[in-house]
Amino acid sequence: MRRSRGMLVAILVVAALMAAPLSVAADTNTYTVVSGDTLSRIAARLGVASYMEIVELTNATHATDPSFAFIENPNLIRVGWKLAIPGAAPAEVPGPTQSALVATAQQTDVGVSQVSNLESLGILGLVMPSEAELARLPQSTVDLLTAQVPAMYGTMVDSLKNQSAFTMFIPSGSAWMRLSDAQLQTLASDAPLRTSTWLNHVVPSKVMAADLVDGQTLTTLGGQTLTVTRTGDQVSINGRPLLRTDVQPPSGQIASRGIVHVVDGILSAEALGGQANDYVVVAGDTLFKIAAQLLGDGHRYPEIVALTNSAGPGYATIQNPNVIGVGWKLAIPAR
């Protein structure tokens, strides 16, 4: 599928590919595409800051030497294509046309090992937006998500080096989809804020789901207080429900010392420049259930109806509170 998780899936085969010899000719700065390559992975291996630099130089070189590929879609490259790799770029090569924002996001993609780790946890499909969701997004937004999800996880993992125990709350793919473009851009461009945001998803103690009680508070590595709400087996953190609990890291740096929970929200989204108070309806939802999960009281569903109906283009129009559709975008009032 075009504009799907193809680039993300491809880098999951990195272990085998890293063993393959590089096909770079030092005198010409060329690279020949091999099976499993993506432009992001090639850029990372060859020390190029952004894959768009490869696109631009290759296409510029193609104009005078047709043996080089012409890349129309950066997500689609073919085995055997000849690429031009930026080194000391010729003066006549056009400057980058990609926004500095997306270039920054690409540079934060520490991602190969982080994405592999998420796959090993068995939660990659839960913490990345689905292919159908990604297909609805512009390519620039897909690029941001592709960079920021592994950067998020990398920041969390790096914070654990001196921790004897931890609990990690990883946002779901649907939570990422509820972030506005402005919030994604803030994550990409503001490194200190990005770090503090993800430190506020890590608690320096191991707390299993069964140990979380209604009204309990947890203090994060970033100093934020998280509040637990519990009704029966349903647990929410800062009003955002836990979708999967007690994920045990199988190996590596974070094994045995902690636990991972998947939460349907960004727990410190207000710091990103606005509220992440949108919600996309999923199968089985009712307005009462959504209000109970996100507002702590199912009887507050009329507030969701009123705010959504006044939110304008892009949001659902709710004529009958008993009838809502999968995929509808709702506006959620403050808790």
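Guide: Accessible areas come from the Shrake-Rupley method with a 1.4 Å probe, and for residues only the protein chains shown count as cover. By that method the protein exposes about 15000 Å², of which carbon and sulfur atoms supply 54%. This is a predicted model, in which local features need pLDDT of at least 70 and side-chain atom pairs count only at pLDDT 80 or more, while totals for chains, interfaces and linings use all residues. Residues are numbered from 1 along each chain as its sequence is written, and side-chain values use heavy atoms, with hydrogens and water left out.

Visitor: What makes D246 partly exposed?

Guide: Buried means under 20% relative accessible area, exposed over 50%, and partly exposed in between (1.4 Å probe, protein chains only). D246 has a relative accessible area of 32%, so it is partly exposed. D246 is found in strand β9, and its phi is near 55°, a positive value in a residue other than glycine. Most residues other than glycine have a negative phi.

Visitor: How many helices and strands does the protein have?

Guide: The protein has 14 helices and twelve strands. Helices (H or I, at least four residues) and strands (E, at least two) are DSSP runs, numbered from the N terminus.

Visitor: Why is β4 called mostly covered?

Guide: Six of its six residues are buried. F166, M168 and I170 point one way from β4, whereas T167, F169 and P171 point the other way. In a regular strand the side chains alternate between the two faces of the sheet.

Visitor: What makes β4 and β5 a pair?

Guide: Two strands pair if DSSP finds at least two bridges between them. β4 and β5 have two bridges, in the antiparallel sense, and therefore meet that condition. In β5, V202 is the bridge partner of M168. Six bridges join β4 to β10, and these strands run parallel; there, I170 has V262 as its bridge partner.

Visitor: In what order do the seven strands form the open sheet, and why do β5 and β6 stand at the edges?

Guide: The order is β5-β4-β10-β9-β8-β7-β6, with mixed pairing. β5 (202-203) and β6 (217-219) each have a single partner strand, so one side of each is left without a neighbour in the sheet.

Visitor: What makes a set of residues a nonpolar core?

Guide: A nonpolar core is a set of buried Ala, Val, Leu, Ile, Met, Phe, Trp, Tyr and Cys residues joined through side-chain atoms within 4.5 Å. The largest such core has 33 residues, and L118, I123, M152, Y153, M168, I170 and W176 have the most contacts inside it. Its largest share, eight residues, comes from α9. Contact means heavy atoms within 4.5 Å. Leaving aside its neighbours within four places in sequence, L118 is in contact with I123, L124, V127, V149, Y153 and I170. A second, separate core of 15 residues includes A43, V48, A69 and I85.

Visitor: How do you know on which side of α11 its buried residues lie?

Guide: The buried residues of α11 are Q183, L184, L187 and A188. They cover an arc of only 140° around the axis, which puts them on the same side of α11. The arc is that of the directions from the helix axis to the C-beta atoms.
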